[in-house]
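Subject: Handing over the structure, with notes

Dear colleague,

I am passing on the structure that we talked about, together with some notes for a first reading. Please keep it open beside this email while you read.

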Amino acid sequence: MKGLNISVLVKPVPDPGCYESIQIDPQTGILVREGLPNILNPADKHALEAALQLVEQHSGRVVMVSMAPPNALETVKEGLAMGADEAWLLSDRAFAGADTLATSRVLAAGIKKLGLCDLVLAGSESADGGTAHVPSQVGEILGISHLTNVTWLNIDTDANVRARMKMENGYIEVEGALPMVIGVSRGMNVPRYTSLPGILAAQDKPVKVLGLNNLGLDPGSVGLAGSPTQPGKLSRPELKRQGERLEGEPAELAKRIVAIMRSSGVLS
Amino acid sequence: MPEFTFSPAQEMLRKAVREFVEKEIEPIAHKIDAENSCPMDVFRKMGALGFAGVIVPKEYGGAGLGLTERAIILEETARHAAGFAMTLMTHQLGIEVLLSYGSEEQKRKYLPELASGKKLGGLAVTEPSGGSDVGGQQSTGELKDGKWVLNGRKCFITNSSEADVCVVTVRTGEDAKGRPSFSAFIIEKGTPGFAPGREEDKFGLRGSGTGDLSLNNCQAGEDAVLGGVGNGTKMALAAISKVGRTGMSAISVGILRGCLEEGVRFAKERVLYGKPIAKLQAIQLEIARNRVDYEAARLLTYYAIGLKDAGGSCDAEIATAKYFSTEAAVRAAKRTMDLMGGYGVVNDYPVGRYLRDALATIPSGGTSHVMQLVIAGQTLA
């Protein structure tokens with residue numbers, strides 16, 4: 001294997017320090033992102049760290065691919081400061097309002113345009129949407145193997161992949177071959193800090209901005225128009241505490257308490 | 001007046017330092033203060049990330065940036081641990097004199113390891129006879145058989161125990177008018193006759209070691225003279241204004257931001273009379289005053305530093321920023337304690353430390369009285 005060409009999917013997400021000021025558009029039910037300071041999606045930083053470690057091990061190149069508005073460019077550049085070689089920002093008004101499928105179509109088109117790489121890494125889920133759909137959807141669209149919630153990854157010099165996927169009650173170890181899309185779990189590594197030399201180097205690294213026309217996508221397949229899922233009506237749940245006094249023998253009371261918990265859905 | 005903004009790279013630097021400080025320093029900030037201990041491992045990490053050597057040119061292993069970027073690093077560090085920021089500030093003070101006055105050989109010898117944080121720097125000027133009274137220094141240096149022999153005692157020296165490379169000023173003769181003249185020497189830790197003395201038990205800016213340095217027949221070669229014999233006063237005063245006072249001002253801006261953010265957080269969480277105290281106008285006025293002090297200190301500080309980075313002569317602007325920012329930090333910390341009521345004096349909250357740290361910034365690099373004299377002197381000139 002002559003080095004690894006790795007694409008890392010990154011998403012600028014609202015800074016958790018500003019969650020209090022987040023607004024939801026009452027008409028569309030979509031997050032109002034304008035004016036919110038962004039950070040790189042935390043899980044994506046773990047994916048980028050994994051990519052940088054693999055390139056340090058095997059040599060190669062790391063290109064970040066992100067679908068985001070133009071004002072997210074500086075946030076994406078933070079990945080360049082961490083050590084990525086290049087960034088592709090997929091940005092077009094037509095991409096606005098995309099659900100995960102429409103987003104995955106754009107990201108997959110970007111990866112194809114880049115020239116299908118050996119490995120695509122992404123955070124398993126985003127801090128804002130949290131659906132964890134994108135890595136698998138990108139893998140399906142590209143027609144290559146995909147894994148998600150990966151906590152350990154090894155790629156040998158013959159391009160064989162061994163990975164450990166976190167499950168509810170343990171983990172599954174899988175073996176496969178490149179190319180592959182892998183959703184990285186936060187447990188995989190500790191992302192490196194951004195260094196000052198890294199920040200300075202990032203200012204001169206190549207950044208390419210591509211729109212709908214560059215990617216050759218059908219306008220109906222992207223953005224709000226290409227999204228099969230639409231946000232439903234939003235309502236604030238009413239939280240009330242309710243007390244009920246039970247009297248009787250302890251054994252009988254225990255049965256009644258369990259029955260109440262079952263009927264209210266606390267116990268299945 | 002031009003628009004006051006930081007460049008994208010400066011904003012990225014701020015984010016990077018903030019992330020580092022929130023992960024590595026904020027969790028131990030209380031411990032640093034309580035134990036008055038300097039986490040040198042954290043300093044080394046900051047060095048490895050390029051933060052300690054921000055003002056060192058690239059050819060000597062640094063980032064080659066200016067005082068503005070340095071102030072960003074100090075502000076972000078001081079947001080959670082002003083005492084530790086003081087260690088970093090003084091390290092860069094030592095770097096500055098080497099950078100501005102060192103020979104090429106001296107720069108190549110010392111700057112790379114100081115820039116990378118492998119070594120810690122310092123500057124020792126103050127003596128029991130005074131700090132701002134630079135001419136009152138009693139320590140001496142005599143040239144005997146081709147070697148300088150240094151004797152005397154320095155006090156209130158930051159990084160006194162930890163510094164690996166320290167620039168020390170001593171009296172070495174008289175100028176043409178018969179006034180004492182001073183020279184600066186680069187002294188390395190462990191040099192015979194050069195040793196740290198007692199450590200001060202400060203009530204603020206704890207975590208930066210402050211103490212005595214003794215010179216007892218300490219021998220220094222002629223290659224240890226920095227900037228030529230007789231130039232010590234000029235270089236010390238220039239470095240203290242350019243790097244010392246701007247650094248203290250930036251540290252104070254960090255404390256001010258801490259006061260503002262902690263005050264806002266508390267005001268939103270603390271419920272009295274059935275609602276958060278942030279809804280009370282009396283509390284809102286305190287928050288507003290903290291915001292005004294923070295914004296004003298920030299503008300004065302980065303304006304003065306910007307002038308310095310542009311190469312201008314701006315001692316009065318720097319003194320103005322230092323005077324206002326340090327005093328404002330004290331006011332803001334007191335206000336924040338007031339709005340927190342009894343919680344303000346509980347050490348589970350950091351605001352008591354902010355007040356102690358803010359008070360300790362005032363004498364560092366020249367008291368408020370001295371700053372006012374500098375401002376008045378330039379204004380009346």
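I begin where the two chains meet: 12 residues of chain A are in contact with 14 residues of chain B, and two residues count as being in contact if their C-beta atoms, placed from the backbone, lie within 7 Å. On the side of chain A that touches chain B, the elements that give two or more residues are helix H2 (73-82) and helix H5 (196-202) of chain A. Helices (H or I, at least four residues) and strands (E, at least two) are DSSP runs, numbered from the N terminus. By class, that side of chain A has 6 nonpolar, 3 polar and 3 charged residues, where Ala, Val, Leu, Ile, Met, Phe, Trp, Tyr, Cys and Pro count as nonpolar, Asp, Glu, Lys and Arg as charged, and the others, Gly among them, as polar.

Before going on, please note that this is a predicted model, in which local features need pLDDT of at least 70 and side-chain atom pairs count only at pLDDT 80 or more, while totals for chains, interfaces and linings use all residues. Residues are numbered from 1 along each chain as its sequence is written, and chains are lettered from A and ligands numbered from 1 in the order in which they are written.

The sheet of chain A

Chain A holds an open sheet of 9 strands with mixed pairing, in the order E11-E10-E9-E12-E8-E1-E6-E7-E13; two strands pair if DSSP finds at least two bridges between them. At its edges are strand E11 (170-177) and strand E13 (207-210) of chain A, each of which pairs on one side only. Neighbouring strands of this sheet are turned by 35 degrees against each other on average, direction ignored. Such angles run from 0 to 180 degrees between N-to-C directions, and the axes are lines fitted to C-alpha atoms, for helices over the stretch in contact.

Within the sheet, strand E1 (residues 4-9) and strand E6 (residues 60-67) of chain A run parallel and are joined by 6 bridges, and A:Leu9 has A:Val65 of E6(A) as its bridge partner. Helix H3 (residues 100-114) of chain A packs on the sheet and touches E1, E6, strand E7 (86-90), strand E8 (119-123) and E13 of chain A, with its direction at about 145 degrees to that of E6(A).

Most residues other than glycine have a negative phi, and most peptide bonds are trans. Against that background, the peptide bond from A:Leu178 to A:Pro179 is cis, with omega near 0 degrees, and A:Pro179 has its place in the loop between E11 and strand E12 (180-184) of chain A. A:Ser59 is not a glycine, although it has a positive phi of about 70 degrees, and it is found in the loop between helix H1 (42-58) and E6 of chain A. A:Ser59 is exposed, with 11 other C-beta atoms within 10 Å; a residue is buried if 20 or more other C-beta atoms lie within 10 Å of its own, exposed if 12 or fewer, and partly exposed in between, with C-beta atoms placed from the backbone.

Of the 14 residues of helix H7 (residues 250-263) of chain A, the number buried is 0, so H7(A) lies largely in the open. Helix H9 (residues 315-340) of chain B has 20 of its 26 residues buried, so H9(B) is largely enclosed by the rest of the structure. At 1.5 Å a residue, H9(B) should span 38 Å, and its end C-alpha atoms are 37 Å apart, which agrees; the expected span is 1.5 Å times one less than the number of residues. Just after H9(B), B:Gly341 takes a positive phi of about 60 degrees.

Packing and domains in chain B

Helix H4 (residues 67-80) and helix H8 (residues 281-309) of chain B pack at an angle of about 145 degrees, with their axes 8 Å apart. The residues of this contact divide into 4 nonpolar, 3 polar and 2 charged. The domain assignment of chain B gives domain 1 (8-119), domain 2 (122-233) and domain 3 (238-380), with bounds that come from an automatic or database domain assignment. The C-alpha centres of domain 2 and domain 3 of chain B lie 31 Å apart, and 6 residues of domain 2 are in contact with 8 residues of domain 3.

With best wishes
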